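Here are a few quick comments on the model you sent over. Have it open alongside as you read.

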Amino acid sequence: MQPLDPALAAIGRRLDAGERLGLEDGLALFATHDLLGLGWLANRQRERRHGNKTFFNINRHINYSNICVTRCKFCAFARRPTETEGQWAYTLEQIFEKAEHDLPAGATELHIVGGLHPKLPFVYYLDMLAGLKQRLPHVHLKAFTAVEIAHFSRLFKLPVREVLERLIEAGLGSLPGGGAEVLTSASRKLIANGKVDGEGWLEIHRTAHGLGLRSNCTLLYGHIESERDRVEHMLALRALQDETGGFQCFIPLAFHPQHSHMPELPAPSGATDLKTIAVARLLLDNIDHIKAYWIMLGIKTAQVAQHFGANDMDGTVVEETIYHMAGAQTPQVLSVRELERLIHETGRVPVQRNSLYREIG
Ligand code: V47
């Protein structure tokens, strides 16, 4: 099936000639009504790189605390330090208990993030990683977004590089991609005022990559940002990737309005979800993996996304609070068997990976 939209067909010919797409191309891709043509183009790039494989991992999320000094408008998860109802901060023993006794069989990753807590000392985070590594030496610790790293740097009066070095020493394996929201536009200030700005977010990933850490990157879309904001955001990530090569995976995150501070906004549509995945595959020619995170896309869209440019589904997850507090209707856990079945049903071959995308088994 070739694209019907002449603008898409022209972009397809340029991709075949090995040309790189730019801002105007990104805008044209978002503007098209030829959704299947766009999917066809993105799928072609996806299959050139990954063939028929769809990756997943066996992981568990731990959100150690939702107490947060900032008030991001999109967030339904955080509670202010003064707002006692509905807040939590796990003790290290509680975290170790969850990790040791509620980890799916064969798990290779813990994904650990939380709010910007005003009081927890640096040693809490260091002991968390060291204690987890001691108990589960084979499990990769993907922990703390760049926003948390910036917070630690400010709170503990340490340069970002030193914060990262000490966390690596304690057992940090890589950085998750959260907190990027929209990096380049004025809308970042409107939805995420008070936390590290776009340049700062990129700089922390640059520093992490310089220290040999791999990381992921995200985009929060479907709120007040424009299509141009999305394209500029992707191009900023691509520029950093040209420099460092440290990003493994891009994860577009669909805004869930329920219980957020922008409940009046409609959630992004299925067409927007699929377009954003496809445009990411076409613009981010230097980031290998595009993840359709089933928790926020919904299982059905995450499956279709495997033919719109995505090649990863994330993993078993087990316990998720960020999206579920924002009204996500997905389950909190998928078994390996279910993940494999869902991937098989899309005509793809499920491949278990570790956090650094090495194939397992
Ligand atoms: O930074 C918060 C987003 C992110 C809402 O690296 C919301 O593998 C939509 O980054 N509606 C955290 N989005 C999640 C994240 C992530 C998830 C899975 C895998 C990886 C990875 C990273 O969630 C936040 C923010 O952008 N978010 N609230 C909401 N109401």
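**Ligand site**

1. A polar side-chain atom of Lys 142 is 2.7 Å from a ligand oxygen atom, a polar contact (a pair of N or O atoms within 3.5 Å). For Glu 181, a polar side-chain atom lies 2.4 Å from an oxygen atom of the ligand. His 256 uses a backbone N or O atom instead, 2.8 Å from a ligand nitrogen atom.

2. On its own the ligand has 620 Å² of accessible area, and the protein covers 95% of that (Shrake-Rupley method, 1.4 Å probe).

3. There are 22 residues around the ligand, and those coming nearest include Phe 74, Gly 179 and Lys 291 (near means a heavy atom within 4 Å).

4. A caveat: this is a predicted model, where local features need pLDDT of at least 70, side-chain atom pairs count only at pLDDT 80 or more, and totals for chains, interfaces and linings use all residues. Numbering runs from 1 along each chain as its sequence is written, and side-chain values use heavy atoms, leaving out hydrogens and water.

Definitions and conventions
A polar contact is a pair of N or O atoms within 3.5 Å; within protein, one must be able to donate a hydrogen and the other to accept it, and residues adjacent in sequence count only if both atoms are side-chain atoms.
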